[in-house]
Amino acid sequence: RPTTTPCGHTLCEPCLNRCLDHSTTCPVCRSPLTHMLGKYQHKPCVALETIVKECLPQAYAEREKEHLGERGTEDNLTDILSTDGYEESFEVALFVCSLAFPFVHMGLHIFEPRYRLMIRQAWESESKCFGMCAPLGDTFSEYGTILKILSHQMETDGRVLINTVGVRRFRVVSHYKKDGYVVARVCLISDIQRRFDPTQFGRMGAFYRVLSTVTSHLSHNMGHIPSYTEGEGGPDGPGWIWTGLHLVSELTGLSSEVLGGTCGMARFQELVDLFNSLSQTNQF
C-alpha cells in the first residue's frame, strides 16, 4: 500500500505508520503530517501499487512477507487464551505500567512512542491483546495479566486512548527488548483448586452483596461488575473476587504475587482479610 504524503513523498503504509508512532513530521523532508495522525489506514496510490505489483511481483511479495514478520506477537493469542489448561509458553508484548486483574476494565492513555507502536500492533492483530506487569524497581513483576483492547481512539497529536479488560493471568519466564518495549515469554496461570467450600457459600453471597453496593458508584471507572457466577469454574475463578482485589489494591499496596495464586478459596479469604483490615482503620 504505497502512500503519498501531501509533501509529495511516497512510503509503504506500514513504514509511514511506524514513522508516525515516533514523530508528527515527514521522515524525508520534516514537513508536518499532523492531519495524517488519528488514523492507521490511509488512501494508497493505486497507480503506483499496480505498477509495482505487475513489474516487480517477486520484490513485492518479499516485502509483504517481511512486513508480516515485523508485526507484533499477538496474532496467535486468540486460540491460546481460549484454551483452558494451555501449558506451553508463548510470547507477548509487555506494557510495564501497573497491577491489572482478570475481568477488570482499565482505561489507558498511551503517549510514549514505543508503547504507541506496541498498542498499534496489538490493535491490528486478531487477538487485540497485550500483557501488563507492574513496575518493580528497575525491572517489573514476575506475574501479570493479558489485557484485551475493547475500544481504541487515536488523537490528532498521536496519543492513544484505549479501554481494556483483563483476560488471563501469566508468569514471565524470560524477556527481551524489541523496538524499545519488552517482549516476554510467559506461561498462563490457572486455578488448580476451583471448588469452593460449600459451608462458605452463604458468607460469600453476603460479601458479594456488600461488594456490589460499594462498587456500584464506581462502575463508570471499573466497567462491567461481574455477576456472582461469572468466571466460576474457569481458570481465574469468579470475576467479582478480582474486582474486589482491584478495589482495595491501591489502599493496601497489594503485591502482584496475588496473581500467582491457584486456589480460589484462599483468594476469597485474602479479600475478606483486606476488607476487614481497611474497615478497622476507617480507610474503607
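This is a predicted model: local features need pLDDT of at least 70, side-chain atom pairs count only at pLDDT 80 or more; totals for chains, interfaces and linings use all residues.
Colleague: Okay, how many helices and strands does the protein chain come to?

Modeller: Helices (H or I, at least four residues) and strands (E, at least two) are DSSP runs here, numbered from the N terminus. Counted that way, the protein chain has 9 helices and 8 strands.

Colleague: And what share of the 284 residues is buried?

Modeller: Buried means under 20% relative accessible area, exposed means over 50%, and partly exposed is in between (1.4 Å probe, protein chains only). Of the 284 residues in the protein chain, the buried share is 43%.

Colleague: How many bridges join E6 to E7?

Modeller: These two also form a hairpin, with 5 residues between them, and Gly158 in that turn has a positive phi of about 100 degrees. Met154 stands opposite Val160 in E7. The strands run antiparallel, and the bridges joining E6 to E7 number 11.

Colleague: Then E8: is it mostly covered, or mostly open, and how many of its 9 residues are buried?

Modeller: Strand E7 (residues 160-178) pairs with E8 in the antiparallel sense over 9 bridges, while strand E3 (residues 90-96) is joined to E8 by 5 bridges, also antiparallel. Val183 in E8 stands opposite Tyr176 and opposite Ala93. Strand E8 (residues 181-189) is mostly covered, and its buried residues number 8.

Colleague: Which residue in the turn between E7 and E8 has a positive phi?

Modeller: Most residues other than glycine have a negative phi. The E7-E8 hairpin has 2 residues between its strands, and the turn residue with a phi near 55 degrees is not a glycine.

Colleague: Where does Phe103 lie?

Modeller: Phe103 is another case to look at, with a positive phi of about 75 degrees although it is not a glycine. Its place is the loop between E3 and strand E4 (105-110).

Colleague: Now Thr4: with which side chain does it make a polar contact?

Modeller: Thr4 sits in strand E1 (residues 2-4) and is partly exposed because its relative accessibility is 37%. Contact means heavy atoms within 4.5 Å, and leaving out residues up to four places away in sequence, Thr4 touches His9, Thr10 and Cys45. A polar contact is a pair of N or O atoms within 3.5 Å; within protein, one must be able to donate a hydrogen and the other to accept it, and residues adjacent in sequence count only if both atoms are side-chain atoms. At 2.9 Å, the side-chain partner of Thr4 is Thr10.

Colleague: How far apart are the C-alpha atoms of Thr4 and Cys45?

Modeller: Cys45 is among the residues that Thr4 touches. The two are 41 residues apart along the chain, and their C-alpha atoms are separated by 6.6 Å.

Colleague: Last one, on helices: why do H8 and H9 count as oblique to each other?

Modeller: Axes are lines fitted to C-alpha atoms, for helices over the stretch in contact, and angles run from 0 to 180 degrees between N-to-C directions. Angles under 35 degrees count as roughly parallel, over 145 as roughly antiparallel, 65 to 115 as roughly perpendicular and the rest as oblique. The axes of helix H8 (residues 239-252) and helix H9 (residues 264-280) come within 10 Å and cross at roughly 40 degrees. That crossing angle is therefore why H8 and H9 are oblique.

Key:
Residues are numbered from 1 along each chain as its sequence is written. Side-chain values use heavy atoms; hydrogens and water are left out. Two strands pair if DSSP finds at least two bridges between them.
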